[in-house]
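Let's walk through this fold together, moving from a helix to a sheet and then to the aromatic rings. Keep the structure open beside the text as you read.

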Amino acid sequence: MRRILKCLLLCLLLLAVYLAAGAVIPYVSQPEITAQTKTEFSKKNFLGEGPSGERAKVISDNGEALAERIRLISQAKERIILSTFEFRSDVSGKAVLSALIAAERRGVQISVLVDGFPCLTSMEGDPYFYALSALPGAQIRVYNPAKPWEPWNFMGRMHDKYLIVDETAYILGGRNTYDYFLGDQPGHKNYDWDVLVYGEEGKPHASMEQLLAYFNSVWELPVCEAFHDNEVYLKRDNVQEAAKALRTCYEKLQKDHSEWFEPCDYTALTRPAAHIELLKNPITVPAKEPVVFYEMTQLMMEAEKEVSFHTPYIICDDWMLERLSEVCSQTDRVEMMTNSAANNGNPFGAMDYQNHKEKILKTGVSILEYDGGISYHGKCFTIDERLSGIGSFNWDMRSAYLDTELMLVIDSRELNKDLKNEMDAYKGKALRVLDMEHAELPNGHTPREIPAKRQYFLDFLHFFGGWARFLM
């Protein structure tokens, strides 16, 4: 019996080593920027002359983010595309599901794209998602489903978040589809950003065409697989109950939030854009060329006066820090806001910031630490008085080298001013870092302290800080 147990333990150990090595080794070496990417980049590609026919609006409030999604979905006539890293059937998730199912009943084609890991943890076995996926006019596809027998694919994730309706309007940003990011429900939440882009009738929708082409390229990848699209699921009792609950949910939304279902004048609500350009990483699963990071920082290096960017956490290798140093050396003012270690909802991000804060300061960037008590998840930037960027890219090695990522760069003086005003609103609860030991505090603010138990956990995670930062 002991011999059998020893063999069993040995097999389990070998399996664990196989899974860990298979998941990590393919991503140990990070690709470099190619000569082609460098040659093709030009700041002129991000600037326009006069109105382009596309208009944009910043969405900073979680409640508004849910309302605008429901409004667009409820008015769809032909097709809805939703791409999201994570989708849960909580309050806001059910609201979105109910609106999608109502649209399918109206004859609208529904395409939903989700990532494989959160699909496994949040969607698999959930009848609310089967109530959508099994409908004849709807399809859910999963990017890179988690397969234990293929550990070399574990780390390549799809991190994009956008909603497209009828090739007329879309929302793109950093919000996942559940309560942390959408709606005003009580409980845990994250602050984040979206941008709504509206195309004026009869005029070119250039960025819409870019985004649709991008979606199609991901949707058609061999690594994307259908999620329970067999109509037989509709006969299951629990799926029928879920479908009934979603119909009731939609009726309640229409009653309690009738304003969400009323047409609105998007021309009046949005700002004119001279040009909108989509930044995107490679879409295949293996380690990726860091295109989004390169192009963002290249734009920043060509700033005339100032750069400001927000990121939930910052986990950079030497090359990324060198790029940031170049931005700071070539620009008069470079300011970054990130979460303080105490405020950061990502323990790996908090740990890495503690360990590498001095290196970040040496780049010359001016650091603001958001310390407001609610984890900040926003990814955005402004460059001088024209360019603004909003999307899914965190300033970390995972976003640079492992994940699909999108950032929308908008040439609009009016939107740039709007975004700066919204970004400035966070400064009232942000610490301005002076050096490793000192920070300037906002009036009346007492810095948050890391509880002892959490600090012990961060110290434990420090073990991973030297060799697995690129996976965090």
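Helices (H or I, at least four residues) and strands (E, at least two) are DSSP runs, numbered from the N terminus, and the expected span of a helix is 1.5 Å times one less than its number of residues. This is a predicted model, in which local features need pLDDT of at least 70 and side-chain atom pairs count only at pLDDT 80 or more, while totals for chains, interfaces and linings use all residues. Residues are numbered from 1 along each chain as its sequence is written, and side-chain values use heavy atoms, with hydrogens and water left out.

Start at helix H7, residues 206-219. Its 14 residues reach 20 Å from first C-alpha to last, close to the 20 Å expected at 1.5 Å a residue. Buried here (under 20% relative accessible area; exposed is over 50%, partly exposed in between, with a 1.4 Å probe and protein chains only) are Ser207, Met208, Leu211, Leu212, Tyr214, Phe215, Val218 and Trp219. Looking down the axis of H7, you will find these buried residues within an arc of 160°, taken from the directions from the axis to the C-beta atoms, so they line one face of the helix.

Now turn to the sheet. Nine strands make it up, open and with mixed pairing, in the order E8-E4-E3-E2-E5-E6-E7-E1-E9; two strands pair if DSSP finds at least two bridges between them. At the edges sit E8 (224-226) and E9 (271-273), each pairing on one side only. Further in, E2 (residues 79-84) and E5 (residues 162-165) run antiparallel and are joined by four bridges, with Ile81 opposite Ile164 in E5.

What about the aromatic rings? Rings of Phe, Tyr and Trp (its six-membered ring) pair if their centres lie within 6.5 Å; planes under 30 degrees apart count as stacked, over 60 as edge-to-face and the rest as tilted. By this rule there are 21 aromatic pairs. In one of them, Phe117 and Phe154 have ring centres 6.0 Å apart and planes at 90°, so the pair is edge-to-face. Phe117 is partly exposed, at 33% relative accessibility, whereas Phe154 is buried at 17%.

Tyr370 and Tyr426 are also edge-to-face, because their planes stand at 80°, with centres 5.3 Å apart. Both of these tyrosines, Tyr370 and Tyr426, are buried. Ring pairs also link them with Tyr191, Trp193 and Tyr376 into a cluster.
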